[in-house]
Amino acid sequence: MITELDVRDNSLPADFTVRDQAVADFTRGYLDVMLAYPQLRDVLLWGMTDRYSWIEGFEPRKDKARRRPCPYDAAFKPKPMYTAIAAALAAAPPRT
């Protein structure tokens, strides 16, 4: 079970486009590896939207840019991370 799928973007550039793509690429790579294990049955997200992410208050970025760790942005619009999660789940080997 993956119990917490959100990404800390501390070291990534402030630019949303670059940062969102890097988060999505990391998420896809991580899920591809983890979903290769047939024992993995559950993937939980601690937050669906950046608006309510626990990470923002826990560890703000040094450049003061808003954190973007979730699959939906603060306006509840899907980000590249959403697409990465959907693609990884669709490509995963079937579970029995």
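**Exercise 1. Find which charged end sits over the ring of Phe-16.**

Solution. Look at Arg-68: its charged end sits over the Phe-16 ring, 4.0 Å from the ring centre. The test used here asks for NZ of Lys or CZ of Arg within 6 Å of the ring centre and within 35 degrees of the ring normal.

Before going on, note that this is a predicted model, where local features need pLDDT of at least 70, side-chain atom pairs count only at pLDDT 80 or more, and totals for chains, interfaces and linings use all residues. Residues are numbered from 1 along each chain as its sequence is written, and side-chain values use heavy atoms, leaving out hydrogens and water.

**Exercise 2. Classify the ring pair of Trp-54 and Phe-58 as stacked, edge-to-face or tilted.**

Solution. Start with the rule: rings of Phe, Tyr and Trp (its six-membered ring) pair if their centres lie within 6.5 Å, and planes under 30 degrees apart are stacked, over 60 edge-to-face, the rest tilted. Next, the centres of Trp-54 and Phe-58 are 5.2 Å apart and the planes are at 50 degrees, so the pair is tilted. Finally, ring pairs link Trp-46, Trp-54 and Phe-58 into a cluster.

**Exercise 3. Work out whether Lys-64 is buried or exposed, and describe its phi.**

Solution. First, buried means under 20% relative accessible area, exposed over 50%, and partly exposed in between (1.4 Å probe, protein chains only). With a relative accessible area of 71%, Lys-64 is exposed. Then check the backbone: Lys-64 has a positive phi of about 70 degrees although it is not a glycine. Most residues other than glycine have a negative phi.
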